[in-house]
Amino acid sequence: MSFADLYTSGEHRKNLAHFAALATLASVDGEISAEEKELLDRFAVKLDITKSEYEEVLKKENKYPIDATNDSEKRLERLFDLLRIVYSDHKIDDEEMVMLKRYAIGMGFTNETADKVIKRSVAIFGGKIDFEDYLYLVKK
């Protein structure tokens with residue numbers, strides 16, 4: 001197995017873990033609504049989840065917790081990974097925003113901090129940052 005194969009499989013495992021956590025969040029109320037299923041379908045495409053992986057993750061007996069951590073940098077890294085995936089089509093819709101917030105809170109962010117971090121992240125990923133933020137990010 002080549003080095004490239006190792007990286008790809010590791011990246012895919014990370015994507016599958018993200019997808020499984022999102023599926024668990026979608027089913028938190030006991031059932032996955034049509035809107036949540038549509039969103040999961042879109043995430044499955046963006047995350048390159050196979051049909052068999054998708055079906056396995058969505059089995060009722062399977063629940064995959066979000067791996068919360070006290071390490072704020074690790075939480076930001078996971079949120080960053082998910083944002084890269086969400087923005088793979090260069091846009092974010094309301095349903096994706098709701099799922100991002102649920103994910104952020106599940107990882108250990110407070111409600112207030114999740115709102116703040118997601119708002120800034122969306123501005124950065126969407127290219128809608130003001131000059132002061134740009135200057136700060138470039139000079140860092």
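Analyst: A helix here is a DSSP run of H or I with at least four residues, and helices are numbered from the N terminus. The model is predicted. By that numbering, Asp 48 sits in the loop between α2 and α3, the latter covering residues 51–57.

User: Why is Asp 48 called exposed?

Analyst: Exposed requires over 50% relative accessible area. Asp 48 has 57%, so it qualifies as exposed.

User: What makes the phi of Asp 48 stand out?

Analyst: Asp 48 is not a glycine, yet its phi is positive, about 60°. Most residues other than glycine have a negative phi. Asp 48 comes after helix α2.

User: What follows α6, and what is its phi?

Analyst: Gly 127 follows α6, with a positive phi near 70°.

User: Where is Ile 49, and what does it touch?

Analyst: Ile 49 is also in the loop between α2 and α3. Beyond its neighbours within four places in sequence, Ile 49 contacts His 12, Asn 15, Leu 16, Phe 19, Ala 44 and Tyr 54.

User: Is Ile 49 buried or exposed, and how do you know?

Analyst: Buried means under 20%. Ile 49 has a relative accessibility of 11%, so it counts as buried.

User: Why does Asn 15 count as buried?

Analyst: Its relative accessibility is 12%. The limit is under 20%, so Asn 15 passes. Asn 15 belongs to helix α1, residues 3–26. Outside four places in sequence, Asn 15 contacts Leu 47, Ile 49 and Ile 85.

User: Where is Ala 26, and why is it called buried?

Analyst: Ala 26 lies in helix α1. Its relative accessible area is 0%, so Ala 26 is buried under the 20% cut-off. Val 45 is 19 residues from Ala 26 in sequence, and the two C-alpha atoms are 17 Å apart.

User: Why does Arg 78 get the label buried, charge and all?

Analyst: Arg 78 has 19% relative accessible area, which is under 20%, so it counts as buried. Arg 78 is in helix α4. Beyond four places in sequence, Arg 78 touches His 18, Asp 67, Ala 68, Thr 69, Tyr 103 and Met 107.

User: What makes the buried residues of α2 a single face?

Analyst: The buried residues are Glu 36, Leu 39, Leu 40, Phe 43 and Ala 44. Seen down the axis of α2, they fall within an arc of 145°, so they line one face of the helix. An α-helix has 3.6 residues a turn, so residues three or four places apart point the same way. The face turned away from the buried side carries exposed Ala 34, Glu 35 and Val 45.

User: Why is α2 called roughly perpendicular to α5?

Analyst: The axes of α2 (residues 34–46) and α5 (residues 94–107) come within 10 Å and cross at roughly 80°. Angles of 65 to 115 degrees count as roughly perpendicular, so α2 is roughly perpendicular to α5.

User: Which residues make that contact, and what kinds are they?

Analyst: From α2 come Glu 36, Leu 39, Arg 42, Phe 43 and Lys 46. From α5 come Glu 95, Glu 96, Met 99 and Arg 102. Three are nonpolar, none polar and six charged.

User: What span does α6 reach, and what is expected?

Analyst: Helix α6, residues 111–125, has 15 residues. It reaches 21 Å from first C-alpha to last, close to the 21 Å expected at 1.5 Å a residue.

User: How do you know which face of α6 is buried?

Analyst: Ala 114, Val 117, Ile 118, Ser 121 and Val 122 are buried. Down the axis of α6, these buried residues fall within an arc of 130°, so they line one face of the helix. The cover over the buried residues of α6 includes α4 (72–86) and α5. On the other side of α6, Glu 112, Lys 116 and Lys 119 are exposed.

Note on methods. Residues numbered from 1 in each chain as written. Predicted model: local features only at pLDDT ≥ 70, side-chain atom pairs only at ≥ 80, totals over all residues. Heavy atoms only, no water. Helix = DSSP H or I, 4+ residues; strand = E, 2+ residues; numbered from the N terminus. Buried < 20%, exposed > 50% of the residue type's maximum accessible area, 1.4 Å probe, protein only. Contact = heavy atoms within 4.5 Å. Axes fitted to C-alpha atoms, helices over the stretch in contact; angles between N-to-C directions. Parallel < 35°, antiparallel > 145°, perpendicular 65-115°, else oblique. Nonpolar A, V, L, I, M, F, W, Y, C, P; charged D, E, K, R; others polar. Expected span 1.5 Å × (residues − 1). Arc of directions from axis to C-beta.
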